[in-house]
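Hi everyone, thanks for coming. Today I'd like to talk through some charge pairs, so let me put the structure up.

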Amino acid sequence: MHQDLQGDRAATTGDAATAGTEAGPAAGTTAATTAATTAATTAGPDGAATTAAPGTDHGRPRRRLRMILIGGGLGLALVAGGGTAAYRYGLFSDIGDPVSFGKSRAAAATAADTGAAPGVRMPTGPKAAFVRTSRLPDGTQIAKTTLTGKKSGFTGDVWVWVPKEYDDPAYADSAFPVLISLPGGRGYPTNYWGTGPGLGLQQAVSDGAKSGKSLPFILVMPVHNADTKHHFDASDIPGEPKMGTWMVEDVPDFTKANFRTFTSRDGWAFMGSSAGGFGAFKHVLKYPDRFKAAIASGVDIVPDSPLWKGNTQAMDENNPEKLAAKLIAAGGPDVYVNFQIGTAESGREKAERFMKEYGKGPVHTTLQVIQDGEHNGKSYVRGMREGALEWISKVMSAPTPKPRPAPSGGASGAAPR
């Protein structure tokens, strides 16, 4: 199922036109706009590159561009009806401006802070430079940076969204679970989970956390392939870019550098669709000591990239069936896989066959059937709302707020999730 998912490109492009989300050249981005909104890449102390924020010597600030254009006669264009174009290119929005996360923790930090609570990993740095790509109605935002993986050597963009709870002072000392979200199709140079908030993934997580049915996950959304021509099966194919190392080493290291995360695998999971779903559950089976669960939608079951060129040994090392059998023979650790399949797409029989043969012992599997669901992101987000998010939340660690001050004469206690 290495293909563009139905409706995902349209959703991403539509968001770009209506909410200022980046859609990339395929959605009509001009070279001038790209140059104005793309920040330069600089190497961090650990060798990982970060995107230079607007306002630095490496990236011309958006505000300066807006002022130059306005001062250079844009007012005449507006009078002549150019206002629509100005808004279309984000000249009067904050899209492309610098973004920082974790403000509540930074404000609360004092000289008396000596370390994190047990099980909590505070950001290790170096801090990446993010630029805003879109805002959600609840005020949360999606931001992007460019990462050069220290271990893979691959350079690609990563989008991040954090829930409202992350900046709530009550959670300033708490870790948050991470859901690394992988796209299907090309998966390069964008990730439609990050560039298409209209698909609803972020809103689904927000709504689930608000209702108490699911956890407020941090969503980390990296590119999935190394170019637009090939599929790399989320693996280190010999002689090719190390896309497996990128996703299981570099992206988690980047996340640990910038966000409050759990020290155990109980705070780390994947989700993905189509080819991204293959990567999601393959990584969990291959690295059960690092990741605990996966939501795999419209998924491939075995590696099938032509880049393997018959390298059976390397393919077997990235084959979920072989990995599951190995994990069962080893007796653990326990992992959890939720397959999502729509009734209007193919592939259900493959998922059910895998579940029957390998869903035993430490490999826990379940199937979320999406009525009338097609092979697209909107259908899979609906499935997540209908049960998959609640399912994965039950096996992951939850953030813990500080105890609320007790009423006079009462006992203190933690706020309910």
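Let's start with arginine 135, which is partly exposed at 39% relative accessibility. Keep in mind that what you see is a predicted model. The side chain of arginine 135 forms a salt bridge with aspartate 94, at 2.8 Å from N to O. Arginine 135 sits in strand β5, residues 130-135, while aspartate 94 is in the loop between α3 and β3, so this pair ties together parts that are 41 residues apart in sequence. Aspartate 94 is partly exposed too, with 23% relative accessibility.

Now over to lysine 144 and aspartate 157, whose side chains meet in a salt bridge at 3.7 Å, N to O. Here the partners come from strand β6, residues 141-148, and strand β7, residues 155-161, so the pair ties together parts 13 residues apart. Are these two buried or exposed? Lysine 144 is buried at 10% relative accessible area, and aspartate 157 is buried at 17%.

My next pair is aspartate 207 with arginine 385, a salt bridge of 2.9 Å, N to O. This one links distant parts of the chain: aspartate 207 belongs to helix α6, residues 201-211, and arginine 385 to helix α12, residues 377-393, 178 residues apart. Both count as partly exposed, aspartate 207 at 30% and arginine 385 at 45%.

Before I hand over, which residues are linked in a network of salt bridges? They are Lys151, Glu249, Asp253 and Arg290. And for the overall tally, a search of the whole structure finds 11 salt bridges. Thanks, and I'm happy to take questions!

Technical notes:
Residues numbered from 1 in each chain as written. Predicted model: local features only at pLDDT ≥ 70, side-chain atom pairs only at ≥ 80, totals over all residues. Heavy atoms only, no water. Salt bridge = Lys/Arg side-chain N within 4 Å of Asp/Glu carboxyl O. Helix = DSSP H or I, 4+ residues; strand = E, 2+ residues; numbered from the N terminus. Buried < 20%, exposed > 50% of the residue type's maximum accessible area, 1.4 Å probe, protein only.
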